[in-house]
Amino acid sequence: MTPNVPGPKAPPQTATVSPEETASLRQIVVAVVACVLGERRNHPDVEDCTHEALSRAIEGRSRLRDGEPLRPWVIGIARHVALDALRSRKRTRRVEARMETASASEDTTTTWLDWVPDPSPGPEERTASAERATRLERALGSLPEEQRRALVMFHVEGLGYQDICKRLGVPLGTVATWLARGRRLLAETVGE
């Protein structure tokens, strides 16, 4: 019995594809890519995507399961490659449009930070957040004192159930009940 000694790995086996098979698939891939891109068959982008799709299909043919039809699999690859190309076109157009807008404007001190979207909330979000905070304050004010104190200690101060029990001098079950009832009443009152 020979021991299992790791050695150099064999190169991955690539399935061979006949030239006839490639030629027949090429026509289908060209048609799919041209349709997705909305270009004529001899457009350079169609040629590039066709080449990329066929390369991926030939390189990945060994991953195709036995008995699985080749044509639909290759069509799927072609469609995804063409969609990637469309997305890339859109990104490029947006950047070019922004650059043209920046160069056409009088302000020439535009930096790359000017192109980054502002992650802060907009006016609608700030208004909704303020309204929600007001509703929450009113709802908290309508709760019984014990429930309000327990909720504030847990959610605002970050205390655990045991710490709240000690601070308020009540059993653990009472704190759990106050928190559950308080949350339920707040949710009903605030409407969430």
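User: What makes Gln147 count as buried?

Analyst: Buried means under 20% relative accessible area, exposed over 50% and partly exposed in between, with a 1.4 Å probe and protein chains only. Gln147 has 8% relative accessibility, so it counts as buried. The residue lies in helix α5 (residues 145-156); helices are DSSP runs of H or I with at least four residues, numbered from the N terminus.

User: Which residues is Gln147 in contact with, leaving aside its neighbours within four places in sequence?

Analyst: Those are Trp178, Arg181, Gly182 and Leu185, where contact means heavy atoms within 4.5 Å.

User: How does the reach of helix α2 compare with what is expected?

Analyst: Helix α2 (residues 44-59) has 16 residues and spans 22 Å from first to last C-alpha, close to the expected 22 Å. The expected span is 1.5 Å times one less than the number of residues.

User: Where do the buried residues of α2 sit around the axis?

Analyst: Val46, Cys49, Thr50, Ala53, Leu54 and Ala57 are buried. They cover an arc of only 130°, so they are on the same side of α2; the arc uses the directions from the helix axis to the C-beta atoms. Asp48, His51 and Glu59 are exposed on the other side.

User: What is the mean pLDDT of the protein chain?

Analyst: The mean is 81, and 81% of residues reach 70 or more; pLDDT is the predictor's confidence in each residue, from 0 to 100. Over residues 7-14 it stays under 50.

A note on conventions: residues are numbered from 1 along each chain as its sequence is written, and side-chain values use heavy atoms, without hydrogens or water. In this predicted model, local features need pLDDT of at least 70 and side-chain atom pairs count only at pLDDT 80 or more, while totals for chains, interfaces and linings use all residues.

Key:
Helix = DSSP H or I, 4+ residues; strand = E, 2+ residues; numbered from the N terminus.
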